[in-house]
Amino acid sequence: MSRTEGARLFREAWIAGVRRHFPGEPKPGYVTPWEETPEWERAAAGAVYEQVRQFLEVSEGHAGRLAREQKGRFVATCWTAQMYRHFEDPKPGYVADWPDLPGWQQETDADIFEAIEKDAD
């Protein structure tokens with residue numbers, strides 16, 4: 001899968017997770033379709049997709065044995081690094097540590113890892 005296709009898979013998994021886990025009506029930016037997603041966000045999604053794929057590869061698939069929380073933490077950490085890459089002074093919510101993320105976002109990050117894992121099979 002190309003990086004662009006991977007980025008799109010990431011975005012689709014994010015939107016699905018938000019729709020599943022967000023309490024109430026999510027902000028429109030949380031569920032913006034791929035075609036309207038800003039370029040920086042597409043690039044960040046592609047980078048995180050690649051990091052998860054590489055993580056699965058170098059562990060010879062054994063990263064799949066991580067607990068769901070560990071999978072989500074990995075995605076969140078990779079995303080945070082991308083926020084520092086794309087923004088000189090990112091919003092605090094963009095770079096919040098795992099314990100400070102809302103539960104819906106933690107669940108969505110774990111869903112993203114699992115979607116990438118499924119795609120890698």
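Reply: Start with a definition. A crossing is right-handed if the near helix is turned clockwise from the far one by less than a right angle, and left-handed if anticlockwise. Keep in mind that this model is predicted.

Me: In which hand does helix 2 pass helix 4?
Reply: Helix 2 covers residues 39–58, and helix 4 covers residues 103–120. Apply the clockwise rule to this pair. The crossing of helix 2 over helix 4 is right-handed.

Me: How are helix 2 and helix 4 oriented to each other?
Reply: Their axes lie 10 Å apart. The packing angle is about 60 degrees. Angles from 65 to 115 degrees count as roughly perpendicular, and those under 35 as roughly parallel. Helix 2 and helix 4 are therefore oblique.

Me: How many charged residues are in the contact of helix 2 with helix 4?
Reply: Helix 2 brings Y49, V52, R53, F55 and L56, and helix 4 brings F113, I116, E117, D119 and A120. By class, 7 are nonpolar and none is polar. The number of charged residues is 3.

Me: How are helix 2 and helix 3 oriented to each other?
Reply: Helix 3 spans residues 68–86, and its axis comes within 9 Å of that of helix 2. The two cross at roughly 140 degrees. Roughly antiparallel needs an angle over 145. Helix 2 and helix 3 are therefore oblique.

Definitions and conventions
Residues numbered from 1 in each chain as written. Predicted model: local features only at pLDDT ≥ 70, side-chain atom pairs only at ≥ 80, totals over all residues. Heavy atoms only, no water. Axes fitted to C-alpha atoms, helices over the stretch in contact; angles between N-to-C directions. Helix = DSSP H or I, 4+ residues; strand = E, 2+ residues; numbered from the N terminus. Contact = heavy atoms within 4.5 Å. Nonpolar A, V, L, I, M, F, W, Y, C, P; charged D, E, K, R; others polar.
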